[in-house]
Amino acid sequence: MTRRGVVLGGGGVAGIAWETGYLTGLIEAGRSVLDADLLVGTSAGSTVAAQITSGIGLPELYQRQVDPSLQAPELPAALDAEAMSELFGSAYVEATGPLDMRRRIGALALRAPTVPEAERRAVIAARLPRHSWPALDLRIVAVDAHTGEERVFDKDSGVDLVDAVAASCAVPATWPPVTIGARRYVDGGVRSLENADLAAGCERVLVFQVMEVPESHELDDQVSTLRASGARVTVIRPDEAAKAALGPNLLDPAVRGPAAKAGHEQGRREAAGLAWFWA
(Lines give C-alpha, C1' and ligand atoms only; values in the text may rest on other atoms or scores of the structure.)
Protein backbone atom coordinates (compact mmCIF):
# COMPACT_ATOMS: atom_id res chain seq x y z
CA MET A 1 0.00 0.00 0.00
CA THR A 2 1.31 3.45 -0.95
CA ARG A 3 2.35 5.55 2.03
CA ARG A 4 1.67 9.29 1.73
CA GLY A 5 3.22 12.10 3.75
CA VAL A 6 2.42 15.80 4.06
CA VAL A 7 5.09 18.18 5.36
CA LEU A 8 3.85 21.55 6.65
CA GLY A 9 6.67 24.06 7.01
CA GLY A 10 7.16 27.13 9.17
CA GLY A 11 6.18 30.70 8.32
CA GLY A 12 4.53 32.55 11.20
CA VAL A 13 0.85 33.45 11.48
CA ALA A 14 0.92 34.41 7.80
CA GLY A 15 2.09 30.89 6.96
CA ILE A 16 -0.64 29.35 9.09
CA ALA A 17 -3.20 31.36 7.14
CA TRP A 18 -1.75 30.56 3.71
CA GLU A 19 -1.43 26.83 4.41
CA THR A 20 -4.98 26.72 5.83
CA GLY A 21 -6.32 28.54 2.79
CA TYR A 22 -4.46 26.28 0.38
CA LEU A 23 -5.67 23.10 2.11
CA THR A 24 -9.23 24.46 2.04
CA GLY A 25 -8.90 25.05 -1.69
CA LEU A 26 -7.77 21.45 -2.10
CA ILE A 27 -10.66 20.05 -0.10
CA GLU A 28 -13.13 22.04 -2.20
CA ALA A 29 -11.63 20.22 -5.18
CA GLY A 30 -12.20 16.90 -3.44
CA ARG A 31 -8.64 16.45 -2.19
CA SER A 32 -8.06 16.11 1.56
CA VAL A 33 -4.56 15.84 3.04
CA LEU A 34 -6.18 14.02 5.96
CA ASP A 35 -6.02 11.00 3.65
CA ALA A 36 -2.26 11.04 4.25
CA ASP A 37 -0.56 8.49 6.47
CA LEU A 38 1.86 11.00 8.02
CA LEU A 39 1.82 14.70 8.86
CA VAL A 40 5.07 16.46 9.77
CA GLY A 41 4.56 19.91 11.29
CA THR A 42 7.22 22.51 12.00
CA SER A 43 6.51 25.86 13.67
CA ALA A 44 3.51 27.35 11.81
CA GLY A 45 3.05 23.96 10.19
CA SER A 46 2.70 22.31 13.58
CA THR A 47 -0.22 24.63 14.33
CA VAL A 48 -1.88 23.83 11.01
CA ALA A 49 -1.34 20.10 11.48
CA ALA A 50 -2.84 20.19 14.97
CA GLN A 51 -5.79 22.25 13.75
CA ILE A 52 -6.72 20.14 10.74
CA THR A 53 -6.58 16.91 12.76
CA SER A 54 -8.74 18.37 15.55
CA GLY A 55 -12.05 17.26 14.05
CA ILE A 56 -12.93 20.79 13.00
CA GLY A 57 -13.50 20.96 9.26
CA LEU A 58 -11.22 22.99 7.03
CA PRO A 59 -14.01 25.36 5.89
CA GLU A 60 -14.50 26.41 9.52
CA LEU A 61 -10.76 26.67 10.14
CA TYR A 62 -10.55 28.85 7.03
CA GLN A 63 -13.26 31.15 8.38
CA ARG A 64 -11.24 31.48 11.58
CA GLN A 65 -8.49 32.99 9.46
CA VAL A 66 -10.53 35.35 7.26
CA ASP A 67 -13.25 36.49 9.69
CA PRO A 68 -11.84 38.99 12.22
CA SER A 69 -14.54 38.09 14.73
CA LEU A 70 -13.37 34.46 14.72
CA GLN A 71 -9.62 35.02 14.68
CA ALA A 72 -7.63 33.78 17.67
CA PRO A 73 -5.80 36.46 19.67
CA GLU A 74 -2.16 36.87 18.63
CA LEU A 75 0.82 38.83 19.91
CA PRO A 76 2.34 41.06 17.23
CA ALA A 77 6.01 40.63 16.41
CA ALA A 78 8.39 40.95 13.47
CA LEU A 79 9.92 38.20 11.37
CA ASP A 80 11.48 38.04 7.93
CA ALA A 81 14.03 35.72 6.40
CA GLU A 82 16.74 38.36 5.90
CA ALA A 83 16.40 39.64 9.48
CA MET A 84 16.63 36.09 10.82
CA SER A 85 19.77 35.44 8.79
CA GLU A 86 21.35 38.65 10.12
CA LEU A 87 20.32 37.92 13.71
CA PHE A 88 21.88 34.47 13.68
CA GLY A 89 24.79 35.39 11.43
CA SER A 90 27.48 34.79 14.04
CA ALA A 91 26.04 31.38 14.88
CA TYR A 92 26.23 30.38 11.22
CA VAL A 93 29.77 31.73 10.79
CA GLU A 94 31.31 30.47 14.04
CA ALA A 95 29.59 27.09 14.31
CA THR A 96 31.65 23.96 13.77
CA GLY A 97 28.65 22.06 12.40
CA PRO A 98 24.84 21.96 12.35
CA LEU A 99 24.50 20.75 15.95
CA ASP A 100 26.86 23.44 17.25
CA MET A 101 24.96 26.05 15.25
CA ARG A 102 21.67 24.98 16.83
CA ARG A 103 23.26 25.10 20.29
CA ARG A 104 24.44 28.65 19.64
CA ILE A 105 20.98 29.73 18.47
CA GLY A 106 19.46 28.02 21.50
CA ALA A 107 21.80 29.93 23.80
CA LEU A 108 20.79 33.18 22.13
CA ALA A 109 17.12 32.27 22.62
CA LEU A 110 17.63 31.47 26.30
CA ARG A 111 19.21 34.89 26.88
CA ALA A 112 16.78 36.99 24.86
CA PRO A 113 14.10 39.09 26.60
CA THR A 114 10.62 37.97 25.52
CA VAL A 115 7.04 37.87 26.77
CA PRO A 116 6.44 35.43 29.67
CA GLU A 117 6.25 31.79 28.67
CA ALA A 118 2.73 31.40 30.10
CA GLU A 119 1.46 34.34 28.05
CA ARG A 120 2.80 32.83 24.85
CA ARG A 121 1.41 29.37 25.72
CA ALA A 122 -2.05 30.88 26.12
CA VAL A 123 -1.84 32.12 22.53
CA ILE A 124 -0.99 28.64 21.27
CA ALA A 125 -3.78 27.07 23.34
CA ALA A 126 -6.29 29.52 21.85
CA ARG A 127 -5.22 28.55 18.32
CA LEU A 128 -5.95 24.86 18.81
CA PRO A 129 -9.58 23.71 18.76
CA ARG A 130 -8.59 20.49 20.50
CA HIS A 131 -5.79 19.91 23.01
CA SER A 132 -5.41 16.16 22.65
CA TRP A 133 -3.36 14.27 20.09
CA PRO A 134 -5.16 12.86 17.04
CA ALA A 135 -5.06 9.19 16.08
CA LEU A 136 -3.33 10.09 12.80
CA ASP A 137 0.47 9.89 12.72
CA LEU A 138 1.34 13.52 13.54
CA ARG A 139 4.96 14.48 14.24
CA ILE A 140 5.86 17.90 15.60
CA VAL A 141 9.45 19.09 15.51
CA ALA A 142 11.29 21.21 18.08
CA VAL A 143 14.94 21.69 19.10
CA ASP A 144 16.50 21.34 22.55
CA ALA A 145 17.80 24.82 23.36
CA HIS A 146 20.76 23.47 25.34
CA THR A 147 21.96 20.54 23.24
CA GLY A 148 20.77 21.58 19.78
CA GLU A 149 19.29 18.12 19.24
CA GLU A 150 15.95 17.77 17.52
CA ARG A 151 12.95 16.40 19.38
CA VAL A 152 10.08 14.93 17.42
CA PHE A 153 6.90 14.87 19.49
CA ASP A 154 4.02 12.52 18.70
CA LYS A 155 1.04 10.97 20.43
CA ASP A 156 3.32 8.47 22.18
CA SER A 157 5.80 11.04 23.50
CA GLY A 158 3.86 11.75 26.70
CA VAL A 159 3.95 15.49 25.96
CA ASP A 160 0.88 17.71 25.94
CA LEU A 161 -0.12 18.74 22.40
CA VAL A 162 -0.25 22.44 23.31
CA ASP A 163 3.27 22.26 24.75
CA ALA A 164 4.56 20.42 21.68
CA VAL A 165 3.11 23.02 19.32
CA ALA A 166 4.31 25.89 21.52
CA ALA A 167 7.83 24.44 21.47
CA SER A 168 7.79 24.02 17.71
CA CYS A 169 6.61 27.64 17.34
CA ALA A 170 9.14 29.18 19.78
CA VAL A 171 10.96 31.47 17.32
CA PRO A 172 14.36 32.24 18.91
CA ALA A 173 14.74 35.78 20.30
CA THR A 174 11.07 36.46 19.49
CA TRP A 175 9.15 33.98 21.67
CA PRO A 176 10.34 32.29 24.88
CA PRO A 177 11.79 28.78 24.82
CA VAL A 178 9.20 26.27 26.07
CA THR A 179 9.74 24.24 29.21
CA ILE A 180 8.82 20.56 28.94
CA GLY A 181 9.94 18.51 31.89
CA ALA A 182 13.53 19.44 32.69
CA ARG A 183 14.28 20.66 29.15
CA ARG A 184 13.66 23.87 27.22
CA TYR A 185 12.88 23.86 23.53
CA VAL A 186 12.96 26.29 20.63
CA ASP A 187 11.41 26.41 17.19
CA GLY A 188 11.71 23.29 15.05
CA GLY A 189 12.68 25.60 12.20
CA VAL A 190 16.11 25.93 13.83
CA ARG A 191 16.77 22.40 12.57
CA SER A 192 14.97 22.91 9.27
CA LEU A 193 12.09 25.11 8.20
CA GLU A 194 10.34 22.06 6.76
CA ASN A 195 12.08 18.93 8.13
CA ALA A 196 11.00 17.10 4.99
CA ASP A 197 13.52 14.34 5.66
CA LEU A 198 11.22 13.11 8.45
CA ALA A 199 8.85 11.92 5.71
CA ALA A 200 11.36 9.21 4.79
CA GLY A 201 9.55 5.97 4.08
CA CYS A 202 6.68 7.67 2.26
CA GLU A 203 6.34 7.02 -1.47
CA ARG A 204 4.41 10.24 -2.14
CA VAL A 205 5.18 13.50 -0.34
CA LEU A 206 3.75 17.01 -0.47
CA VAL A 207 5.96 19.68 1.10
CA PHE A 208 4.61 23.12 1.94
CA GLN A 209 7.40 25.71 1.98
CA VAL A 210 6.29 29.16 3.15
CA MET A 211 9.71 30.75 3.67
CA GLU A 212 12.66 30.61 1.33
CA VAL A 213 15.88 31.53 3.14
CA PRO A 214 18.43 33.21 0.85
CA GLU A 215 21.29 30.89 -0.21
CA SER A 216 19.88 27.92 1.72
CA HIS A 217 19.79 24.58 -0.10
CA GLU A 218 18.57 22.61 2.89
CA LEU A 219 15.14 21.73 1.52
CA ASP A 220 16.58 20.95 -1.92
CA ASP A 221 18.94 18.46 -0.30
CA GLN A 222 16.14 16.84 1.72
CA VAL A 223 13.92 16.53 -1.34
CA SER A 224 16.79 15.04 -3.37
CA THR A 225 17.32 12.42 -0.67
CA LEU A 226 13.63 11.53 -0.63
CA ARG A 227 13.57 11.24 -4.41
CA ALA A 228 16.70 9.11 -4.39
CA SER A 229 14.82 6.66 -2.15
CA GLY A 230 12.09 6.40 -4.78
CA ALA A 231 9.59 8.93 -3.42
CA ARG A 232 7.62 11.27 -5.64
CA VAL A 233 7.84 14.73 -4.09
CA THR A 234 6.28 18.08 -4.90
CA VAL A 235 7.18 21.30 -3.08
CA ILE A 236 4.30 23.78 -2.85
CA ARG A 237 5.28 27.42 -2.47
CA PRO A 238 3.25 30.65 -2.35
CA ASP A 239 2.59 32.02 -5.83
CA GLU A 240 3.16 35.70 -6.61
CA ALA A 241 -0.27 36.78 -5.33
CA ALA A 242 0.26 34.84 -2.12
CA LYS A 243 3.74 36.28 -1.61
CA ALA A 244 2.27 39.76 -1.86
CA ALA A 245 -0.44 38.85 0.64
CA LEU A 246 2.03 37.29 3.08
CA GLY A 247 4.08 40.48 3.09
CA PRO A 248 7.53 41.01 4.62
CA ASN A 249 6.53 40.29 8.24
CA LEU A 250 5.22 36.75 8.60
CA LEU A 251 4.33 37.34 12.26
CA ASP A 252 1.91 40.19 11.52
CA PRO A 253 -1.60 39.03 12.55
CA ALA A 254 -3.13 41.61 10.19
CA VAL A 255 -2.14 39.59 7.12
CA ARG A 256 -4.08 36.47 8.10
CA GLY A 257 -7.16 37.26 6.05
CA PRO A 258 -5.37 38.21 2.81
CA ALA A 259 -2.89 35.33 3.15
CA ALA A 260 -5.65 32.77 3.70
CA LYS A 261 -7.65 34.06 0.73
CA ALA A 262 -4.60 33.96 -1.52
CA GLY A 263 -3.82 30.42 -0.38
CA HIS A 264 -7.42 29.39 -0.99
CA GLU A 265 -7.35 30.60 -4.58
CA GLN A 266 -3.97 29.00 -5.19
CA GLY A 267 -5.07 25.66 -3.72
CA ARG A 268 -8.21 25.53 -5.86
CA ARG A 269 -6.22 26.39 -8.97
CA GLU A 270 -3.43 23.88 -8.37
CA ALA A 271 -5.52 20.96 -7.06
CA ALA A 272 -5.80 19.21 -10.42
CA GLY A 273 -2.02 19.12 -10.80
CA LEU A 274 -1.66 17.37 -7.45
CA ALA A 275 -4.10 14.56 -8.19
CA TRP A 276 -1.18 12.08 -8.42
CA PHE A 277 -0.77 12.29 -4.64
CA TRP A 278 -4.13 10.60 -4.09
CA ALA A 279 -4.15 8.35 -7.17
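This is a predicted model: local features need pLDDT of at least 70, side-chain atom pairs count only at pLDDT 80 or more; totals for chains, interfaces and linings use all residues.

Biologist: Okay, and where is Thr24, and what does Thr24 touch when its neighbours within four places in sequence are left aside?

Modeller: Thr24 belongs to helix α1, and once its neighbours within four places in sequence are set aside, its contacts are Leu58, Pro59, Tyr62 and His264.

Biologist: How far is Thr24 from Pro113?

Modeller: From C-alpha to C-alpha the two are 37 Å apart in space, and in sequence Thr24 and Pro113 are separated by 89 residues.

Biologist: At what angle do α3 and α11 pack?

Modeller: Helix α3, residues 58-66, and helix α11, residues 256-270, pack at about 140 degrees with their axes 7 Å apart, which means that α3 is oblique to α11.

Biologist: Back to α1 then, how does α1 cross α2?

Modeller: Their axes come within 8 Å of each other and cross at roughly 40 degrees, so α1 is oblique to α2, and the crossing is right-handed.

Biologist: And which residues meet there?

Modeller: From α1 there are Gly12, Ile16, Glu19, Thr20 and Leu23, and they meet Ala44, Gly45, Thr47, Val48, Gln51 and Ile52 of α2. Sorted by type, the residues of this contact are five nonpolar, five polar and one charged.

Biologist: Is α2 mostly covered or mostly open?

Modeller: Helix α2, which spans residues 44-52, is mostly covered, with nine of its nine residues buried; among them are Ser46, Ala49 and Ala50.

Biologist: What about Ser43, where is that one, and is it buried or exposed?

Modeller: Ser43 is in the loop between β2 and α2, and it is buried because its relative accessible area is 8%. Ser43 also has a positive phi of about 55 degrees although it is not a glycine.

Biologist: Which other residue has a positive phi without being a glycine?

Modeller: Asn195 is one, with a phi near 60 degrees, and Asn195 lies in the loop between β6 and β7. With a relative accessible area of 0%, Asn195 is buried.

Biologist: Changing topic, which residues of the largest nonpolar core touch the most other members?

Modeller: They are Leu23, Phe153 and Phe208, out of the 61 residues in that core, and helix α1, residues 12-28, supplies the largest share of the core with seven residues. Apart from this core lies another one of 16 residues, among them Val7, Val40, Ala199 and Val235.

Biologist: What does Leu23 touch, not counting residues up to four places away in sequence?

Modeller: On that basis Leu23 touches Leu8, Val33, Val48, Ile52, Leu58 and Phe208.

Biologist: Now Asp163, is that one buried or exposed?

Modeller: Asp163 counts as buried because its relative accessibility is 18%, and the cut-off for buried is under 20%. It sits in helix α8, residues 161-168, and touches Arg121, Val178 and Ile180 if residues up to four places away in sequence are not counted.

Biologist: How do α7 and α8 cross?

Modeller: The axes of α7, residues 117-127, and α8 come within 9 Å and cross at roughly 115 degrees, which means that α7 is roughly perpendicular to α8. Arg121, Ile124 and Ala125 in α7 meet Val162, Asp163, Val165 and Ala166 in α8, and the residues of this contact divide into five nonpolar, no polar and two charged.

Biologist: Last one, where is Leu70, and which residues does it contact beyond its neighbours within four places in sequence?

Modeller: Leu70 is in the loop between α3 and α4, and beyond those neighbours it is in contact with Gln63 and Arg64. At 45% relative accessibility, Leu70 counts as partly exposed.

Note on methods: Residues are numbered from 1 along each chain as its sequence is written. Side-chain values use heavy atoms; hydrogens and water are left out. Helices (H or I, at least four residues) and strands (E, at least two) are DSSP runs, numbered from the N terminus. Buried means under 20% relative accessible area, exposed over 50%, partly exposed in between (1.4 Å probe, protein chains only). Contact means heavy atoms within 4.5 Å. Axes are lines fitted to C-alpha atoms, for helices over the stretch in contact, and angles run from 0 to 180 degrees between N-to-C directions. Angles under 35 degrees count as roughly parallel, over 145 as roughly antiparallel, 65 to 115 as roughly perpendicular and the rest as oblique. Ala, Val, Leu, Ile, Met, Phe, Trp, Tyr, Cys and Pro count as nonpolar, Asp, Glu, Lys and Arg as charged, and the others, Gly among them, as polar. A nonpolar core is a set of buried Ala, Val, Leu, Ile, Met, Phe, Trp, Tyr and Cys residues joined through side-chain atoms within 4.5 Å. A crossing is left-handed if the near helix is turned anticlockwise from the far one by less than a right angle, and right-handed if clockwise.
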